[in-house]
Amino acid sequence: MSIILISFLLIPFLTFLGSLPFKNHQEKIIAGISNSGLFLQSILSLALFGYWAFTGFGNLEQFVFSIYSHKEFDFGLILYYDKVTAVFSVVASLLMFLVSVFSKTYMHRESGFQRFYNHFLFFNVGLNLLIFSGNFETFFLGWEIIGITSFLLIAFYRDRYLPIKNGMKVLSFYRIGDAALIGGIWFSHHLFQENVIFSNFINKSLVFNAATHIHPLQGLMIAMLFILAAAVKSAQFPFSTWLPRAFEGPTVSSAIFYGAIAVHVGVFLLLRTYPLWYMLIFPKYAIIAMGLISAILGTLIGMVQPTAKTQIAYSSIANIGLIMIEIALGWHVLALVHFAANAFLRTYQLLNSPSAMSYLIHLQFFEYDPGKPKRFAFLPDNMRNALYLLSVKEWDLDKLWYTYLWSPMKKLGKSLHFFRHPALVVVLLLVLLINIAHFFIFPIPEDYTLLFNSGFTSLLALITIMVAWTERRSALRAWYFIGLSQLFFVFSIMQQHTFDIDQITLYLSGSVGAFIGGMISLKRIISKENGINLNEFHGHIYEHPRLALFFLICALTIIGFPISPTFLGFDLLFSDIENNHKLLLLFSSATFIILEYTAIRIYARIFLGPHHKTYHEVAHRSS
Amino acid sequence: MELIENSKVFDLDKTIHRLKHYLPSQMTLKDFVHHNTLHPFQSQKFYDGIFRASELFGYKVTLQINDFRKLYALGRIKEEVIDRIVIDRKGPHNSKEIVEKMLFKSYDEQIVARTGQFRKQWKKQYKIDLDSLVHPLFFRILCAYLDQGISLWNFPEHEGGFYESVKQLEKESGFSFFETKKVKKLFHDENKSIADLLKMLVGDEAYFEQYLFDMSFSHRGWSGIVAVIDENPQALLIRKKITLAEVIRFELLMELDQLYLQLGNHWEPLAVNCNTPAIEILSPTHSTELQEILRLWQDAFEWSYYDDVLKGIKANRQRSKTETETFFQAIFCIDERECSIRRNLEFVAPECETLGAPGFFGVEFYFKQIGAKFGDKLCPAPVTPKYLIKEYDVEYHAHTDKMYDEGTHSLNFLKNLGLGFWALPELALSLFKPKMKPSISDAFAHMTHRSKLTIVNKSLDDIEDGLQIGYTIAELTDRVEKFLQGIGLTKNFAPLVYMVAHGSSSANNPHHGAHDCGACSGRPGLTNARVFAYAANMPEVRSELSKRGIQIPDSTLFIGSMHDTAADTIEYYFENDLTGKFKSLHEDFVNKFEDALDLNAKERSRRFASIDTNQAINKVRKDILDRSVSIFEPRPELGHGTNSLCIVGRRSVTKNLMLDRRAFLNSYDYRTDLDGTFLANVMAPIGVVCGGINLEYYFSRVDNVKLGCGTKLPHNVMGLIGVSNSSDGDLRPGLPWQMIEPHDPIRLMVIVEHFPEVVLKVIQSSEAMYEWYKNEWVHITALHPETGEFYYYQDGHFNHYHADVVELETISDLQSLFEKAPEMITNHITDATFENLPIYQIESNVSCQ
C-alpha cells in the first residue's frame, strides 16, 4: 500500500509541469489543470487518511529511488507516512485546492496569472516532498523549494519596491533557518554514522540518547539547530517580524503561504525531529520559553495592529507559539489539531481580510462605545502605556537583527573590500592555483599546513562571498567573486582525507555552466542598459524578461537550488565534511547562507523593482 | 524652473496651505466620493493642468504615444478626425508635417518629477535611505492613531491631538519611538518649531518648502489623508484630532533621529553640500512638443467617439417616434449604469416612461438606522444637510460574523480551535455556494425593510446632533416641486411612479462605496427614494403642490424602490400595504421589472469571464446574483467604467439608441423651462458629480499605479480608512485596476437639449460650474431643440458643429449582439477598448399595446 505515497510526488509534479506551457490568457486551462490536480490530490489524501486510520494507524514507508549512491552514502528519495504526515497532507491538500479554486476568479486578467499558478504549483511540489519525506535529504529538497517559491511570490509584484525589499528581507531570515537545518542534518549524519531515516526514529531515539551520552554537546547542538530552523520558518520569537512583511503578494498567496502552510513548516520540523530532542531538558524548555514568549508578544503586538493582515499575522504567530509548547510537552495529537484549526482559521481570515472595511465600519456604526473601558485597565498607567508603545514598535525585534546581525556582517564584508584590489585578486588566484597543483602532486594531504588546510580554504571561500555580498557597484565583480568563492569551497572539500571526485564533478557540472551563463547575461544587460549598479533596483525585467529568467535560472543553479545536479553535489559535499572539521563546516555553511542571498540580490537589483525608465506607469517607491 | 532668491523667507502657513491644495484629497473609503483626481489643477485649462501635474509630481496623464498609434492602426482613432483636429488646432499650413510627427516621430516619454529631487540627496551624499528607515514605523504610528476599529487595543488618545498623544504616551511609558537622546529631547521641547527642525535638517531656508514637498509627496497617500482629516474632521466616523503641521513636525523628528542614529554627528544639513540651487517648487512648467502631440492624439481619440454619438443622436431624431400611453413611470438615478436598465425596461414594457435625475431625488439628509450611533449623509458630497431622518418602530438586529470575533486574536484556545474547524466548511461554502452574510456589504441592509421613518417634522424643537428631525410640509413641498420641475414631470402622471434608487452589494471589497450612489456620497440611495415617495404621496404636500401648479391626481401612487446594480435585483418599499388597483398594477409591473432585470443581467454578463452569456437567461441572472456575494470575485460589477457621456434632455433624444451603458441620463424638458431657470439646478451637480466620476476614471486609467491604487489583489485594509499594498506601504487613493479595465480614458461630453444661448447663460451663472467647461475638463454641446443642430462650446462660445447625417447600423436583436460581443484578452487599452461597442439604432420590434 505504501506505493501509493509515490502519487503524492507524481500528482503535484505533473500538475506543475502541466501548468508550464500555457500563455497568460489561457486562464481556464491553467486553472483547470491546477484545480483538477489538487482535487485529485485532496481526494487521495483523504482516502489515504481513511485507509490509514481504518488499518490501525500503522506507519508507511516507501523508497522511491536512489538519486545518488556511493559507498556508505545513499541519497535516496524516501517517503514516509505517519500521523504528522497524515494531518499535514490532508490540511495542505484541502487548502491548496480551495485556494486554487478561489484564485481562478480572483487572479483573472492579472498580468502574472500564469506565473502565479506556476509558483503556486511548484510550491505544492515542495510541500508534498517535505510532508511525505522519509529522510532528511528529501525533507531538505522540499524545504528549499518552499523557500524559493516563497520569495518569488512575495516579490510577485516585481515592478514595485516594497515587495522586492520585503522579499529579500524574508529571504535573509529564511537563510538563517536553512543554515541551521543543514547544520542539524550534518550533525545527525555524523552522530548516526549513516543516513537518517525518519521511520527509524522511534528506535533510533534510544540509540540517539545513548549517543548523546557520549557526545552530549553534539546532541544538544542538533536539537538547538532544528529548533532554530523551526523558529525562523514559523516566525517565532525573536524572528517574528518577517511574517507581517511577507504579505506583499496577492491575498491568495499570502493566505496559503503565511496563513496556512508555509508558516507551519517549523511545526512540522519539530514534530518530525521530536525523538531527537525530547529527552533533553534544555531544548525542551527552550521551546516552551520561545513558544510562551511568542504567544504573549504575538498577542500583544497583534492587539495594537491597525491593519487587517498584520493583525492576522501576529495572531497566527501567537497560536503557533502555543502549538510549539504543545509539541514540547509531547501532546502531539493536540498540536496537530491545533495546527489544522490555525491553518483553516487564518486562511479564512486572510482571504476575507478585504471585507474588514465594510464589516467593521458597519459594526462601529452600531456598536461604537466611546466609554469602553481601556484594555488592561488593571495595569498601572505607565506599565500599560509601555506595553502599548513597545508593541507598536514590535518590541524592536527588527532593530535587534539589524543591529546585531546584518549591520555587523555588512560592516565586516565591507571591511574586506580590500580583497577587490587587483593585486590581492592575483594572490587569491595564486593560492588557488597552488592548491590545485599541490592537490595533484599530493592527492591526499599528509599534514595540515596553513595554506593547504581545508579550514583555511573555506575561510577564503567565506571572505570572497562576503566581498561579493557587500559589493555595491559592479554586478560583474560580485558575480566573479561568487565564482571565486565557489572554487575555494570546492577545494576546501577536496583538501580533506575523504572526498569523491564524482561528487565534485556533479557539483561543478551545474555550477560552471551557470557561472558562465550568469556572466554572459550580466554582460549583455550591462551592454544594453546604462548605469547598472547594485546600489538600487533597476527593474529591467520590464524590457528584458527572457534575460531575467535566464539569469535567475543561472543564479538558482549556482546556489544549489534543486534544478540541476549542483544541488546533489552541494548536499553530498556537505555530508562529506568530516566530523573533525567543524571549522570547515562553520565557514562552509556561512558561505552557503550568504551565497544564496548574494546571487538573488544581484538578480533583484538588476531585474526587479520599479523600472528605471519612466515612459510607462511606474509606482511610487512607497507604494 | 524659477530659482529661489536668497532673501526669500520660509512661510510655514503658506507652505502647509499649498501642500493641502496639492495633496490627494480622497476621503476615507467609507465615503467614497468620486472627484477629479487632479482637482488642484482645475483652475487651469485641462491640458495645461495635467501636464503641469505631470511635471511637478511625475504622474502619467495621457496614454503613451505608442498606444495612441496602435489605437489608430486598429481604427479606434479615425483618420478623418485626426486631420480635422490638426487643421482645427494648428491651421492647414503644416498639418501634414504635424500628422507625420504624430504617427512616426519618436519621443522620449520619460517623466522626471520635480518633487523628490532635492531630498534624494540624502542617498547621494550619505548613502542613507531615509524613506526605508522612517516610513514603516511612521506609517504604523499614524495608522494606529487614526484607526477606526481594526486594532483591539487603541492608541491612548490625548485631547491635545496627535503630537500631544504621542508625547503623553512616551511620558507615561518611559519608552520612546525615538532612538537618540538628542531627538527625544527635541521631541519634548515645546519651543522647537518646524522651521527650527528644518534648519537642523536642511540648513538653508531657501530649500525649506521644497524639502517639505519632497517629504510629504514621498508618501502622498498618508499625507493626503491627514490633510483631509485636518480640514474635515467629520471624514472619520470616530473623530481624531490631527493636523498636517504636527504630522510634518513629527516626521522631521523621525528623520533627524535616523540621521543621528545612522551617521552620528558626521553629517551636515542637506543644503550645505547640495550643488543644485533651490527652486520654487510651484513655479510655472513649460510645454513641450511631445505634449502638443499628445493633446492632439487625445482630442482625436475623444472625437472619434463623440462624432459617432452626435451622428447617432441626429439620426435617431429623424426617425419617427410612436407615442404610447404611459401606465407607469420609473425615475432612476442619472448614473450611467442605469442607462441599460432603462432601455431594457422600455423594451419589455413600452407602456413605461423612464426618467433620470441625481439619485438622492432632491431630498438631502442624514439618516440614522435603528440602533445606529452615527448618521449617514445621503446627498451629494458638497451639500451639507440640516435634516435628520431616523428609523423607528422596528427591532434592531445585530448582524455579526463570528469569524471576526476578537477571540480569534487572543490566546483563547477553544475559540481558535472551534472557529478554525468552522472556517473550513465556511470557506468551502463561500466558494461553491456563495450567499449573503454579515461580512458582505449588502446594499439593502442600509435601511430596515419594515421600519418607519421620521420624515415629517413634529416640532421645530426636535433637534438631534444639531439637525432638525424630519422636514416640515413646506420643506417637503419645495423639494418635491423642485425635483419634478427639474425632470419636466409636472403633468401626465401615471398610476404608479417608481422612484428607483440604486446601491451595490459586494463582497470582500474595500472599494464597495465606489459602486454605490455617487449622489448619495457613495451610499445606497434607498432611503432617499422612500422619503421622496412618501412626501409625494402625502395629501398635504399634494395640495400645496397643486397651488403651485403641479396636480398629482389621487390615482397616482409613488413607490420607493432600489436597484442593486451588482446583483441586478430590485426591492420595493411601501408605507402601507397596496390594495385594489394599485396592487394588481404593481404585481404586473414587478414582472416587467423582473424581465428587464433578466435582460440587464445578460447585457452586463458579456464583460464577465466567469459567466457564460449564452446560457439560459435565468441562469445568467443567478450567476450575476452569486457574483455579488462571492468573496473571490474582485469585480462584483464594473462600476462607472466606460462612462463618457452625459445627456440632459428628454428621453426622446436617446430612446432607441444603444449607448452601451456609457451615458449619464438626466431628464429635462426644455419646453417647461424656456428661460433655463430650472436648468441651472439641473446643471449644478453635473460637473462635480459626473465630471468628477469621469476624471477619476480617466486618471486611474492612464496612470493606475500612481493616480489609481493598482491591482486590488495585494491590498491590505489600513485602519478602516484606506488600503495599502503591504504592511509598510503608503495609502493608495484612486481606483483599482479591476474597476477601470474597460474604461476608455476620454473626457465627459455633456449634451444639453436646449438653445445654445440658454445653455451658455446657465453654465456661466456660477463660477464653480463654469470652470469645468471653461477649462475644458468636461466638454459640452448644446442640442438645438428645434433644428436638431449641435453647438459645441469652445472658448466662451457655442459654435455650430457639423455632424453628418448617417444611417446608423440598426439592430433588432440586442441579445445576440451581447452574446457575440468580444471580450478583452488583456486589460491593455488596445485590447480592452474593443469591449466597448459602437452606437446602434435599436429597431423596436414590439408594437404598441
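## Ground rules

Residues are numbered from 1 along each chain as its sequence is written, while chains are lettered from A and ligands numbered from 1 in the order in which they are written. Because this is a predicted model, local features need pLDDT of at least 70 and side-chain atom pairs count only at pLDDT 80 or more, whereas totals for chains, interfaces and linings use all residues.

## Confidence in chain A

Confidence is highest in helix H3(A), residues 83–106, at 97, and lowest in helix H7(A), residues 201–214, at a mean of 64.

## Overall build of chain A

Chain A has 24 helices and two strands; both kinds of element are DSSP runs numbered from the N terminus, with helices being H or I of at least four residues and strands being E of at least two. Its radius of gyration is 25 Å, close to the 25 Å that the globule rule gives for 623 residues, so chain A is as compact as a globular protein of that length. For reference, the radius is taken over C-alpha atoms, and the rule is 2.2 Å times the number of residues to the power 0.38. The C-alpha trace of chain A spans about 85 × 65 × 60 Å along its principal axes.

Of the 623 residues in chain A, 58% are buried. Here a residue is buried if 20 or more other C-beta atoms lie within 10 Å of its own, exposed if 12 or fewer, and partly exposed in between, with C-beta atoms placed from the backbone. Among contacts in chain A between residues at least 6 apart in sequence, 78% join residues at least 24 apart; a contact means that the C-beta atoms of two residues, placed from the backbone, lie within 7 Å.

## Two domains in chain A

Chain A is divided into domain 1 (2–360) and domain 2 (416–607), with bounds that come from an automatic or database domain assignment. Their C-alpha centres lie 29 Å apart, and 26 residues of domain 1 are in contact with 25 residues of domain 2. On the domain 1 side, strands S1(A) (60–70) and S2(A) (73–81) and helices H5(A) (136–154) and H6(A) (161–192) each supply at least two residues.

H6(A) gives the largest share of that side, 13 residues. By class, the domain 1 side divides into 15 nonpolar, five polar and six charged residues. In this scheme Ala, Val, Leu, Ile, Met, Phe, Trp, Tyr, Cys and Pro count as nonpolar, Asp, Glu, Lys and Arg as charged, and the others, Gly among them, as polar.

## Backbone details in chain A

Two loops of chain A deserve a look.

Trp395(A) is found in the loop between helix H16(A) (381–392) and helix H17(A) (397–415). Its phi is near 50 degrees, a positive value in a residue other than glycine. Trp395(A) counts as partly exposed because it has 19 C-beta neighbours inside 10 Å.

## Overall build of chain B

Chain B has 27 helices and 22 strands. A compact globule of 849 residues would have a radius of gyration near 29 Å, and the 28 Å of chain B agrees with this. The C-alpha atoms of chain B fill a box of roughly 90 × 75 × 55 Å, taken along the principal axes. Of the 849 residues, 55% count as buried. For contacts in chain B between residues at least 6 apart in sequence, 74% join residues at least 24 apart.

## A hairpin and a loop in chain B

Strands S10(B) (residues 557–564) and S11(B) (residues 569–573) run antiparallel and are joined by five bridges; strands pair if DSSP finds at least two bridges between them. Asp564(B) has Thr569(B) in S11(B) as its bridge partner. The two strands form a hairpin with four residues between them, and Asp568(B) in the turn has a positive phi of about 55 degrees.

Asp465(B) lies in the loop between strand S7(B) (463–464) and strand S8(B) (467–469). Asp465(B) is not a glycine, yet has a positive phi of about 50 degrees. With 10 C-beta neighbours inside 10 Å, Asp465(B) counts as exposed.

## Where the chains meet

The contact takes 95 residues from chain B and 84 residues from chain A. On the chain B side, the elements that give two or more residues are helices H7(B) (130–146), H8(B) (162–173) and H16(B) (413–432) and strand S15(B) (716–718). The largest share, twelve residues, comes from H16(B). The side of chain B that touches chain A has 44 nonpolar, 34 polar and 17 charged residues.

Note on methods. pLDDT is the predictor's confidence in each residue, from 0 to 100.
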